[in-house]
Amino acid sequence: MAGPNQKKLPDGTRFSNLGGVRHGVIDGFIGQGGQGAVYAASLEGGHFALKWYHDSYIDLDTGLKQRLTHAVHRGAPNQSFLWPLELVEIAGQKSFGYVMPVRSGDYHGMRDLIARPPDRVELTLPQRFIICCKLSEAFLQLHAAGLCYQDINFGNIFFNPTTLDILICDNDNVNVEGADASIYGTRKFMAPEVVRRETLPNTKTDLFSMSVLFFYVVMGWHPLDGKREADFSILNSEAEMSLYGTEPLFLFDPENTANGPVDGLHDPLVTRWRNLPSDLKSLFTRAFTTGLTDPNKRVLERQWRSAFTRAAHAMAACGHCGGEYAVAAGAASCGYCGAALEPALYLDCPRGLFALTPGHGLPQHLLGGGSPNFKTLVGVVEGHPSKPGVIGLRNLSDDNWKVELPGRAPGLLPPGKTIGLMAGSTFHFGKTQVSVREAQAKEVAAV
Amino acid sequence: MTTPKKAAPNLDTLALTRRQLHVIIILDCSGSMAGDRIASLNYALRSSVPELKEVARENPEIEVLVRVLSFSSTADWLIETPVPVGEWSWQDVAAGGDTHLGDALDAVEASLNADVMPGRQLPPVIVLASDGYPSDDFEAGLQRFLANDFAKAAVRMAIAIGGDADLEVLQMFINHASLRPLRANNAPDLVEFIKWATTAPVKAASQPTGADDPQSALAGQLEQFSAEDTDIVW
Ligand SMILES: Nc1ncnc2c1ncn2[C@@H]1O[C@H](COP(=O)(O)OP(=O)(O)OP(=O)(O)O)[C@@H](O)[C@H]1O
Ligand SMILES: [Zn+2]
């Protein structure tokens, strides 16, 4: 752990891969962690990050070299991982290290989503959902390869607030499923059975940690922190064991409110929860009720991925305060500021709802097959240049769309053109037929 | 319908109160600390300030508050009202007088209550740095101190300054089976240990661990400290 007076490797230190075939040099110090330090390094013309382990750590973690060798051999599960590329050594040094791609400066740690201003990064809910979608995809690929991460938490995951791409770092704990784990995990992210020390981290505990991470990204709060957490005036080890190990209970458990939200303390969370899409709420509820106690009933990566993909397109925002709400919920008034809401329009696409809010791009994946790709757009919603409140859909595809407006003969919308939107219209995107609907006004259901 | 004016103002976690983590630093400023020891201590604290701020930033879920008490012939709060770590700055202390550690523990004990520490709390972190043998009724003070619920739950850490420091007294203060006093026999060690003792328990809240409880995790980290090479030994 951090603290030992470990000597830094000076700039210019030469290293080589384990075979001694490729040679590189250390260009500068980046930072130090518990297990080692990270340096900027050049290797055969390329720039990399080099992680160099503290001597004391390689004695402790005896499986490390084998894990890394395996990781290097099989390669990164997908492009979201800053994966070990090659093991390296330095002449005369007892320890070893590995090189990996460099994380560029435009990435932020996940903690910045809940940080205090001015460190805080503000993202909309759809942006948060897209990040979660990419995380599900990355962990799906990792788990599908027979690997588990063991320590999913805020610290080692980064996001780019502009592209919403993610990077998963610290892959040296990644292990073959079933092999002995090197750590238990990070406080508040560990699965209850790991907190209780009944098992070591595995793919199923990864699923739990991942769902905690999702809840944090969406809600900015821990899913098991409710009334019972608030009642512990001192959160000591016994309290933590009870809250996260022996008697975990979801903040929004529909059946047991013993750890439910406390008036005046958790109000912003209640409002946000009420305004989430209902299928996402069901997944969270499953993850933190049956999924708490039965590792086999945890929500799987694919289920998260499709729920977050749908949710990313199904949100609208209050014109008065910006408060976000599920477009199909049909709330008559804003849950955040109380302002009356116009009935929201949305497209009822085969793969999910698409909120018709200006600026919102219609992705191919909502209409047909294919894995989520938030960059391939076939259309975009636009506000009318001079008539406030009037919106249209612009055809960004290369094909004509057949459009049926209520009470009018069907027409064609050529590429590049925009047509006004109203409830009851129907679009034909190739063989896919999609209708414009208006949310039915009603009061938002209680939690 | 329009796009949000401000991004997600509704995720107002600012309105949610954070659990507090109180860090209380108790410094021996008795006469035996005069000279380079007190100078090193001041330097160590000064350089710990930005580190603790950084660690706190990495733990946005908790609110870190700092208090500092110095003791010699009397116990005096340098910072009595807990100050948010972001606003904490270091004012140098001077050495002179006796070693009233018992008085110091009484003063801290008197401030460990729900009036000063309202609402949701993490176990406080109490760091004691001392070189000397207490000259007052330390044991009575310690007994009262350890009877306090906050003190009992606290992560108690001690730094022994100088090769001749009273380790037994510091171990009694720590009162934990595997956590030992840090022995600072020279200036670089003192700086390193003060930084570590003030930041490591805060860091532990969000660090991966292989240990069963936070205190043992800290004890494990301690074993990895290697002695700094230096000619000047206190
Ligand atoms: N590939 C990379 N590119 C750029 N910076 C990196 C890279 N990998 C790690 N870093 C940075 O280097 C520093 C040290 O990283 P390291 O992973 O050793 O420690 P850590 O994550 O702080 O702690 P721990 O050892 O507990 O995981 C951190 O600031 C980290 O963000
Ligand atoms: Zn509003």
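Modeller: Before we start: two strands count as paired if DSSP finds at least two bridges between them. Keep in mind that this is a predicted model.

Colleague: OK. How many bridges are there between β15 and β24 of chain A?

Modeller: There are 4 bridges between strand β15 (residues 345-349) and strand β24 (residues 432-438) of chain A, and the two strands pair in the antiparallel sense. At one position, D348(A) has S435(A) in β24(A) as its bridge partner.

Colleague: And in which sense do β23 and β24 of chain A pair?

Modeller: Strand β23 (residues 426-429) of chain A pairs with β24(A) in the antiparallel sense, over 4 bridges. There, F429(A) is bridged to T432(A).

Colleague: Switching to the ligand. How many residues surround ligand 1?

Modeller: The shell has 16 residues, and the closest are G33(A), G34(A), P101(A), R103(A) and D170(A). By type, the shell divides into 7 nonpolar, 6 polar and 3 charged residues.

Colleague: Which strand supplies the largest share of the shell?

Modeller: β2(A) does, with 3 residues. At least two residues each come from β2 (23-32), β3 (36-43) and β4 (46-53) of chain A.

Colleague: What lies 2.9 Å from a nitrogen atom of ligand 1?

Modeller: A backbone N or O atom of P101(A) does. A polar backbone atom of R103(A) is also 2.9 Å from a nitrogen atom of the ligand. K51(A) uses its side chain: a polar atom there lies 3.2 Å from an oxygen atom of ligand 1.

Colleague: How much of ligand 1's accessible area does the protein cover?

Modeller: The protein covers 78% of the 610 Å² that ligand 1 has on its own.

How values were computed. Residues numbered from 1 in each chain as written. Chains lettered and ligands numbered in written order. Predicted model: local features only at pLDDT ≥ 70, side-chain atom pairs only at ≥ 80, totals over all residues. Heavy atoms only, no water. Near = heavy atom within 4 Å. Polar contact = N/O pair within 3.5 Å; in protein donor to acceptor, adjacent residues only side chain to side chain. Areas by Shrake-Rupley, 256 points an atom, 1.4 Å probe, with all protein chains shown as cover. Nonpolar A, V, L, I, M, F, W, Y, C, P; charged D, E, K, R; others polar.
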